[in-house]
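Colleague: Please walk me through this model. I want to learn how to read each kind of feature. Start wherever you like.

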Amino acid sequence: MTAPGPVRLDREDGLAIVTFDSPPLNLFDRALEQGLMAALHELESDRPRAVLFRAEGRAVSGGVDVSLFAALTGPEEAALTFDTLVELARRVDRLPCPTIFAAHALFLTWAFELALACDLILAAESASFGLVEKVIGLTPAMGGTQRLAERAGTGRAREFVMAGRPFPAAELERWNVVNRVLPDDGFDAAARELARELAAGPTLAHAATKQVIRDYLEGGVELANQRVGAVAGELFASEDLQGAVRSFLQDGPGKANFRGR
């Protein structure tokens, strides 16, 4: 477990849980940025088998501390700042394990942009999502617009960003942005249970799945077709696949235990 602060990293066997806890609204400021960078460094250095991102408090995030923008001296400094933020989302995307963001309440700007870099987004029924940068004359600059377009299409991304207001979880589920909407009651426990299930699974195979999807996004079905043989073939060197094949032949399906190696 990391030291107390706005970002906490806990470990439960192979599952890493990153919690944002900066009352009252989990605003993105320098302390939270540094805490997120430290957590990502630890996740990259000591890789878990799955990661759950979550938050404490009455909001997942109310957005960014606008004083950060007021302190920027001009376009060059702003561009460098936004490049750093985009790289944070890229690092989440590159984690070679399943990643889940659990949204229990209001979910604005940076937190939603980070969630869009995760594999799965879970939402409580009462959660709402927004990229509201238009209120200060800005466009989302942590990768949210393009990642939203990847999931929902460019028309929906334009509507969402230009509207600049929160949208309910059920609507984003219809847009294929949110993977699942779950009841408010028991939401955190349900999110943890799904994360534990993924962490206990064939995480090397899950990492391979992520690579195939990245190949598809880079060059479409044909590029993914060209590369999937090598990606899937590499799994035959893993203890997990070899053990699961033996287990399947000896005991039937669903009996294998995976260790992530």
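Modeller: Start with contacts. Contact means heavy atoms within 4.5 Å. Leaving out residues up to four places away in sequence, threonine 99 touches Val51, Val92, Cys118, Asp119, Leu120 and Lys210. The model is predicted, so local features need pLDDT of at least 70 and side-chain atom pairs count only at pLDDT 80 or more, while totals for chains, interfaces and linings use all residues. Numbering runs from 1 along each chain as its sequence is written, and side-chain values use heavy atoms, with hydrogens and water left out.

Colleague: Where is the place of threonine 99? Is threonine 99 buried or exposed?

Modeller: Threonine 99 belongs to strand β5, residues 99–103. Strands (E, at least two residues) and helices (H or I, at least four) are DSSP runs, numbered from the N terminus. Buried means under 20% relative accessible area, exposed over 50%, and partly exposed in between, with a 1.4 Å probe and protein chains only. Threonine 99 has a relative accessible area of 0%, so it is buried.

Colleague: How do I read a disulfide? How many disulfides does a search of the whole structure find?

Modeller: A disulfide is a covalent bond between the sulfur atoms of two cysteines. The cut-off here is a pair of cysteine sulfur atoms within 2.5 Å. The search finds zero disulfides. Take cysteine 97: the nearest cysteine sulfur, that of cysteine 118, is 9.7 Å away. From the side of cysteine 118, that 9.7 Å to cysteine 97 is too far for a bond. Cysteine 97 is buried, at 2% relative accessible area. Cysteine 118 is buried too, at 4%.

Colleague: Now sheets. In what order do the four strands form an open sheet?

Modeller: Two strands pair if DSSP finds at least two bridges between them. The order is β4-β6-β8-β9, with mixed pairing. At the edges are β4 (59–61) and β9 (167–168), each pairing on one side only. Strands β6 (residues 106–108) and β8 (residues 128–130) run parallel and are joined by three bridges. Leucine 106 has serine 128 in β8 as its bridge partner.

Colleague: And helices? Which residues are buried in helix α5?

Modeller: Look down the axis and ask where the buried residues point. In α5 (residues 144–152), the buried residues are Gly144, Arg147, Leu148 and Arg151. They span an arc of only 100 degrees around the axis, so they sit on the same side of α5. That arc is taken from the directions from the helix axis to the C-beta atoms. These buried residues pack against α3 (75–94), α4 (110–115), β7 (120–124) and α6 (154–163).

Colleague: Which residues are buried in α6?

Modeller: Ala157, Phe160 and Val161. Down the axis of α6, its buried residues fall within an arc of 90 degrees, so they line one face of the helix. Their cover includes α4, β8, α5, β9 and α7.

Colleague: How do I read a nonpolar core? Which residues touch the most other members of the largest nonpolar core?

Modeller: A nonpolar core is a set of buried Ala, Val, Leu, Ile, Met, Phe, Trp, Tyr and Cys residues joined through side-chain atoms within 4.5 Å. The largest one has 53 residues, and Phe20, Phe101, Phe107, Phe112, Phe129, Phe160 and Leu172 touch the most other members. Helix α3 supplies the largest share, six residues. A second, separate core of 15 residues includes Leu52, Ala102, Leu122 and Phe187. Back to phenylalanine 112: setting aside neighbours within four places in sequence, its contacts include Phe107, Phe129, Leu148, Phe160 and Leu172.

Colleague: Last topic: backbone angles. What should I flag?

Modeller: Most residues other than glycine have a negative phi, and most peptide bonds are trans. Flag threonine 109 here: it is not a glycine, yet its phi is positive, about 45 degrees. Threonine 109 lies in the loop between β6 and α4, and is buried at 6% relative accessible area. Asparagine 176 is also not a glycine and has a positive phi of about 70 degrees. Its loop runs between α7 (169–174) and β10 (180–182). Asparagine 176 counts as exposed, at 57% relative accessibility.

Colleague: Which residues does a cis peptide bond join? What follows just after α5?

Modeller: The cis bond joins proline 23 and proline 24, with omega about 0 degrees. Proline 24 is in the loop between β2 (15–20) and α1 (30–45). Just after α5 comes glycine 153, with a positive phi of about 100 degrees. Just after α6, glycine 164 takes a positive phi of about 60 degrees.
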